[in-house]
Amino acid sequence: GQIAVNAGGVAVGGDVDCRHLRVTGAVSVQGASIGRSMIFDHADIENDGPSDEDEGKALLADGASVGYEVRAMRVRAKGLLSFVDLHCPASLVFSGSCLTRSNPHNTALALDRAKVGGSIFCDNGFHASGVVRAMAAELGGSLYLNGARLDAPTEGALLLDRAAIKGNVDASRKEETPLAASGAISMRGARIGATADFSGAQLHV
């Protein structure tokens, strides 16, 4: 697919606000410097490829730096959302989003080596058909997976290898349904400062 919005390397003093954006093609903010927040709530982005991992990149924010938070609540994306090497002092919020790959072996959400001062929220009905990866990511807060559904039966549904999380990994029931995952969860070499809570989670490989 083609890049529909190319803002790679852009410097913005305030917010980048893309709420309710509708786009066919990729959105790129790779290497961007954003003074406040990056907001994609309720966006609809479609740029998936049939099989190749390198195709089908929907939102590319690799190496971007934001001054506050990244919010992508209730996004509908067909294709990869990539935040590899992101710098964010607050939180990343993907609550209620639906991320799908036509080939579920491919990655749906990439957060490898991201440095996040707050928490990452993949909860409240979050659904990924494809791998969710946060390998070697650093979180000052917690990872929330309450009520999430992850489907990547062959490649692994959630990859947290070598991640450093100062707070919790919370996939428990609480007020919502617990995490439901089709595919393995890998946390090899991860460091979790508080609790890893999978009570009531439904895991299938």
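**Entry 1**

I started with strand S13 (residues 80-82), which runs parallel to S17 and is joined to S17 by two bridges. For my notes, strands (E, at least two residues) and helices (H or I, at least four) are DSSP runs, numbered from the N terminus. I also noted that two strands pair if DSSP finds at least two bridges between them. Ser82 has Ala110 in S17 as its bridge partner.

Next I followed S17 (residues 107-110) across to strand S21 (residues 131-133): three bridges join them, and they run parallel. Ala110 turned up again here, standing opposite Arg133 in S21.

**Entry 2: what I am looking at**

This is a predicted model, so I kept in mind that local features need pLDDT of at least 70 and side-chain atom pairs count only at pLDDT 80 or more, while totals for chains, interfaces and linings use all residues. Residues are numbered from 1 along each chain as its sequence is written, and side-chain values use heavy atoms, with hydrogens and water left out.

**Entry 3: the sheets**

Which strands make up the sheet around S17? I found an open sheet of eight strands, ordered S1-S5-S9-S13-S17-S21-S25-S29, with parallel pairing. Strand S1 (3-6) and strand S29 (185-186) are at its edges with a single partner strand each, so one side of each has no neighbour in the sheet.

I then looked up another open sheet of eight strands, also parallel in its pairing, in the order S3-S7-S11-S15-S19-S23-S27-S31. Its edge strands are S3 (16-17) and S31 (196-197), and each pairs on one side only. Inside this sheet, S19 (residues 120-121) and S23 (residues 143-144) run parallel and share two bridges. Ile120 has Leu143 in S23 as its bridge partner.

**Entry 4: the whole protein**

How many helices and strands are there? I count zero helices and 32 strands. The radius of gyration is 16 Å, close to the 17 Å from the globule rule for 205 residues, so the protein is as compact as a globular protein of that length. That radius is taken over C-alpha atoms, and the rule is 2.2 Å times the number of residues to the power 0.38. The C-alpha atoms fill a box of roughly 40 × 35 × 30 Å along the principal axes.

Buried residues (under 20% relative accessible area, 1.4 Å probe, protein chains only) make up 51% of the 205. I also checked contacts (heavy atoms within 4.5 Å): of those between residues at least 6 apart in sequence, 56% join residues at least 24 apart.

Technical notes. Buried means under 20% relative accessible area, exposed over 50%, partly exposed in between (1.4 Å probe, protein chains only).
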